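Let's walk through this one together, starting with a salt bridge and working out to the sheet. Have a look at the model first.

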Amino acid sequence: MQKKLWMVVALLLVMPGLLFMVSCQKKVAATAQPAPAAKAAPAPAPAPAPAPAVMAAPAFMTERVFFDYDKSALKMEAQALLKKKAEWMKSSANAKLTIEGNCDERGTAEYNMALGERRAQSAKKFLVDLGIDAKRITTISYGKERPIDPAHNAAAWTKNRNDGFVVTY
């Protein structure tokens with residue numbers, strides 16, 4: 001019985017070692033071949049065409065508009081900034097705008113998503129009323145998911161009640 005036990009133990013120790021050695025073959029080194037004869041250098045590729053100039057959006061296009069607590073009505077300062085944005089949009093026919101509605105952390109996630117959407121739609125409607133094609137403007141609500149200021153106080157909440165703007169071409 002003891003002899004069989006030793007045989008089993010020996011097989012259990014030797015078999016994995018053999019399997020490991022067989023499965024890891026050594027790689028054969030490639031033999032060096034002489035380099036082919038040098039050919040004439042191909043003609044250089046023509047220079048790529050210059051990329052079309054893309055006018056960068058001015059800094060005021062990314063400025064945010066802010067809202068009062070639990071409101072989606074545009075303040076006078078917001079209207080003035082949106083008028084400036086509309087003038088630029090009129091002169092940049094290929095520019096598109098995404099308006100991102102944001103809220104502070106107070107309220108449920110569902111309520112803040114709806115409020116953020118109302119805020120973004122309010123800015124969009126104002127721009128469309130100024131003559132910007134509605135197809136050039138998209139809206140999205142982030143609710144309370146993307147705060148500018150993560151603090152939990154009135155100053156942070158004031159900053160977080162806003163519409164952000166992203167210009168694309």
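Which residue forms a salt bridge with Lys-90, and how far apart are the closest N and O atoms?

## A pair within one helix

This is a predicted model, and in it the partner of Lys-90 is Glu-87, with the closest N and O atoms 3.7 Å apart. The two sit three residues apart in helix α2 (residues 76-91), so about one helical turn separates them. Lys-90 is partly exposed, at a relative accessible area of 44%.

## Other salt bridges

The whole structure has six salt bridges. One of them joins the side chains of Lys-75 and Asp-68 at 3.2 Å, N to O. Lys-75 is partly exposed at 27%, and so is Asp-68 at 40%.

Arg-161 and Asp-104 also meet, at 3.3 Å. Arg-161 is in the loop between α4 (154-160) and β4, while Asp-104 is in the loop between β2 and α3, so this pair ties together parts 57 residues apart in sequence. Both residues are buried.

Strands β2 (residues 96-102) and β4 (residues 162-168) run antiparallel over six bridges, and Lys-96 stands opposite Thr-168 in β4.

Beyond its sequence neighbours within four places, Asn-112 contacts residues including Asp-104, Arg-106, Ser-141 and Gly-143.

Technical notes
Residues are numbered from 1 along each chain as its sequence is written. This is a predicted model: local features need pLDDT of at least 70, side-chain atom pairs count only at pLDDT 80 or more; totals for chains, interfaces and linings use all residues. Side-chain values use heavy atoms; hydrogens and water are left out. Two strands pair if DSSP finds at least two bridges between them. Helices (H or I, at least four residues) and strands (E, at least two) are DSSP runs, numbered from the N terminus. Contact means heavy atoms within 4.5 Å. A salt bridge is a side-chain nitrogen of Lys or Arg within 4 Å of a carboxyl oxygen of Asp or Glu. Buried means under 20% relative accessible area, exposed over 50%, partly exposed in between (1.4 Å probe, protein chains only).
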